[in-house]
Amino acid sequence: MSLSSAHQRSAKNQADSTEHTPPGDAPEEAVAESAPKDGTEAAAPGDGPDAEQAQEEPAEPAPAEPPPTDPGLGPGPAEPAPAAKNAVARWRERHPDITRALSWSLTVIAAALVLFAFLMPDRLPQLTASRFLRVPAEPILLAALLLVLPPRPRRVVAVLGGVLLAELVLLNCVDMGFYQTLRRPFHLLFDWSLFADGLSYLKDTEGATSAYGTLAAALLAVLALLVLMPLAILRLSKLMVRHPAVARRGTLVAGVVWMTCATLGIQVSGVSVAAKVAGQRVRGQVAMVQQGLADQKVFAKEVADDRFAKVPQDQLLSGLRGKDVIFTFIESYGRGAVEDPAMAPGVDAVLRDGTRRLADAGFSARSGWLTSPVTGGGSWLAHTTFLSGLWVPDQQRYRYVSSSDRMTLTSAFKRTGDFRTVGMMPGVTRAWPESKFFGLDHVHDSRTMGYQGPRFGWSRVPDQYTLSAFERLEHGKASNQPMMSEIILTSSHNPWAPIPRTIGWDEVGDGSVYDAIQKEGKNREDVWKDAALVRQEYGKAIQYSLTNLIDFVTKYGDENTVLVFLGDHQPVSTVVGVDASRDVPIAIVAHDPKVLDQVSGWGWSDGLQPEHGAPVWRMDTFRDRFLTAFSSPQP
């Protein structure tokens with residue numbers, strides 16, 4: 001082989017090597033050598049024979065430049081290090097026993113929370129251990145459903161089920177409060193406005209700071225429950241999915257146990273082991289809503305049916321013409337105040353002494369019982385029931401009747417044309433449009449009575465001041481026109497601390513004298529630590545209201561005075577118990593014997609203290625009985 005042949009073969013191998021080098025992988029020297037020596041421009045990429053293949057394989061983008069750093073602001077944001085993202089996982093690896101214990105603890109807590117929610121009662125006295133030693137049907141059905149659902153629907157059902165279960169727990173908690181105070185459940189249609197009343201009550205008794213703090217705590221508790229309950233069911237559903245065989249067997253066994261207990265009627269402490277608490281609560285609420293909607297038509301007919309609406313003006317209340325008639329409601333004055341051994345001795349002594357004092361002043365009295373539509377609260381519902389002659393136990397009926405033209409006892413006096421009608425409303429703090437429905441020509445409320453003294457618990461104005469203002473603003477003024485008055489006495493309103501005391505009527509003034517009296521009273525916190533002390537203070541509050549009302553009649557009443565006074569409802573169950581009746585005392589006091597002669601057929605007891613066996617009427621029947629007794633015979 002010649003030297004020239006070897007050189008040609010070496011050049012050929014070098015060319016072949018260069019031709020098969022991928023774009024971008026050639027050394028810089030090769031690229032430099034490939035450039036033309038004569039200064040002409042090199043071919044652009046993509047113009048050569050491998051251009052099509054190069055376009056099908058785009059180059060990876062170059063890494064982004066780090067953001068410029070401002071010396072005045074420090075280094076820019078940095079991505080979290082991979083080690084930080086796995087810190088929890090590494091901690092679990094280093095502490096397997098603690099991790100396992102925490103996991104099981106959370107699972108047990110989740111199961112207990114869900115079980116508690118399904119078995120939770122709606123009344124506080126039923127919150128006992130025996131109520132939770134039962135097998136609820138609803139979680140068994142929910143577990144069976146979660147086991148057969150695909151992943152995504154399973155998560156959706158778990159979350160929705162948790163939210164609904166949380167709402168059921170909240171409803172049970174609200175019902176507990178309603179049963180403790182009003183002895184009835186919360187109504188989903190009509191009772192939402194009562195939360196605002198409850199906040200107002202807290203502001204009046206505890207102060208704005210405490211009231212809004214309580215509200216914030218309640219809202220946080222609601223939010224926490226709405227979050228934790230779905231998380232609990234999600235956790236349990238994931239556990240079932242990880243152990244499907246065990247979950248299926250457990251669900252089947254629980255179902256068999258429930259059916260066996262239900263069939264045999266097995267009980268623990270008088271409570272059925274096979275429970276359907278949640279389902280029954282839901283059905284009960286649905287039925288209550290349905291009844292509320294159906295009641296609208298029924299009540300509309302009752303409002304329109306009024307046999308006194310067409311009684312001639314000259315016949316209506318003809319037996320009371322020329323009299324000054326006063327209707328007085330005493331807050332929370334119930335049957336328990338007169339008959340319960342804890343309160344009755346002091347209250348009955350005031351009633352007996354009052355009967356004697358009234359007799360010395362030339363007055364006589366008759367007394368009986370009425371059954372209120374409410375207990376523990378809802379005074380306006382009792383007032384409306386008494387005056388309208390309609391049973392008004394809820395907000396729906398109240399709103400409907402108060403916007404109607406139904407004739408009330410008070411508006412009946414106005415309809416005669418012979419009476420001026422006024423109201424003394426110390427509990428009213430803002431515009432009260434219902435005064436038109438009740439037929440009141442003028443209303444004096446807490447803003448217009450001229451009171452300059454302190455609050456006494458919820459009550460803004462002491463009863464003695466209210467009666468003194470009534471004498472000064474209305475009753476004591478010379479007038480040729482008889483007057484019908486509606487007076488609300490509020491000093492016996494819950495929480496019965498502090499309680500004002502009776503002073504000389506000439507000492508009342510503008511109420512400033514009550515500053516010192518209020519400081520002498522007991523604190524609510526001290527009173528409500530002991531149920532026996534609560535009953536004691538409640539009795540004292542009723543005594544205070546009765547004493548001042550009797551004092552007013554004996555001091556300012558005359559031969560034309562007619563007084564009808566009654567309680568609006570029983571106090572809360574803390575005072576009278578959960579099984580107490582809804583009866584309240586009522587009495588009629590008059591100087592003219594002819595007035596009481598017209599009600600002689602009622603069978604009421606003599607004096608201010610009704611006998612135990614005196615007639616008991618529903619409160620809504622009083623209007624018609626009163627109008628019948630004091631109106632001319634109808635054709």
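# Exercises: helix packing and cores

Helix 7 and helix 11 are roughly antiparallel to each other. The exercises start from that pair. The model is predicted: local features need pLDDT of at least 70, side-chain atom pairs count only at pLDDT 80 or more, and totals for chains, interfaces and linings use all residues. Numbering runs from 1 along each chain as its sequence is written, and side-chain values use heavy atoms, without hydrogens and water.

## Exercise 1: Helix 7 and helix 11

Task: Find the crossing angle of helix 7 and helix 11, then list the residues that meet.

Solution. 
1. Locate the elements. Helices (H or I, at least four residues) and strands (E, at least two) are DSSP runs, numbered from the N terminus. Helix 7 covers residues 137–148 and helix 11 covers residues 244–264.
2. Classify the angle. Under 35 degrees counts as roughly parallel, over 145 as roughly antiparallel, 65 to 115 as roughly perpendicular, and the rest as oblique. The pair is therefore roughly antiparallel.
3. List the contacts (heavy atoms within 4.5 Å). Helix 7 brings Ala137, Ile140, Ala143, Ala144 and Leu147; helix 11 brings Ala247, Arg248, Thr251, Ala254, Gly255 and Trp258.
4. Sort by class. Ala, Val, Leu, Ile, Met, Phe, Trp, Tyr, Cys and Pro count as nonpolar, Asp, Glu, Lys and Arg as charged, and the others, Gly among them, as polar. The contact of helix 7 with helix 11 has eight nonpolar, two polar and one charged residues.

## Exercise 2: Helix 7 and helix 8

Task: Determine how helix 7 packs on helix 8 (residues 151–181).

Solution. 
1. The axes come within 8 Å and cross at roughly 155°.
2. Helix 7 and helix 8 are therefore roughly antiparallel.
3. Leu142, Leu145 and Leu146 of helix 7 touch Arg154, Val157 and Ala158 of helix 8.
4. The class count for helix 7 with helix 8 is five nonpolar, no polar and one charged.

## Exercise 3: Helix 9 and helix 10

Task: Classify the packing of helix 9 and helix 10 (residues 208–242) by angle.

Solution. 
1. The angle is about 140°, with the axes 7 Å apart.
2. Helix 9 and helix 10 are therefore oblique to each other.
3. Helix 9 contributes Leu199, Leu202, Lys203 and Glu206; helix 10 contributes Ala208, Ser210, Ala211, Tyr212, Thr214 and Leu215.
4. By class, helix 9 with helix 10 gives six nonpolar, two polar and two charged residues.

## Exercise 4: Covered helices

Task: Count the buried residues in helix 15 and helix 16.

Solution. 
1. Set the cut-offs. Buried means under 20% relative accessible area, exposed over 50%, and partly exposed in between (1.4 Å probe, protein chains only).
2. Take helix 15 (residues 379–388). Nine of its 10 residues are buried. Among them are His383, Phe386 and Leu387.
3. Step past the end. Gly389 follows helix 15 and has a positive phi, near 75°.
4. Take helix 16 (residues 395–402). Six of its eight residues are buried, so helix 16 is largely enclosed by the rest of the structure. These are Gln395, Gln396, Arg397, Tyr398, Val401 and Ser402.
5. Find their partners. The buried residues of helix 16 pack against helix 9 (193–206), helix 12 (277–304) and helix 15.

## Exercise 5: The cores and Tyr333

Task: Identify the residues that touch the most other members of the largest nonpolar core, then examine Tyr333.

Solution. 
1. Define the set. A nonpolar core holds buried Ala, Val, Leu, Ile, Met, Phe, Trp, Tyr and Cys residues joined through side-chain atoms within 4.5 Å.
2. Of 56 residues, Tyr333, Tyr514, Leu546, Phe565 and Leu608 touch the most other members.
3. Find the main contributor. Helix 21 (residues 531–556) gives the most to this core, with 10 residues.
4. Separate the other core. It lies apart, has 51 residues and includes Met407, Val599, Phe622 and Phe626.
5. Tyr333 has a relative accessible area of 1%, so it is buried.
6. Beyond four places in sequence, Tyr333 touches residues including Tyr538, Leu546, Phe565 and His569. Tyr333 and His569 are 236 residues apart in sequence, yet 6.4 Å apart C-alpha to C-alpha.

Notes
Axes fitted to C-alpha atoms, helices over the stretch in contact; angles between N-to-C directions.
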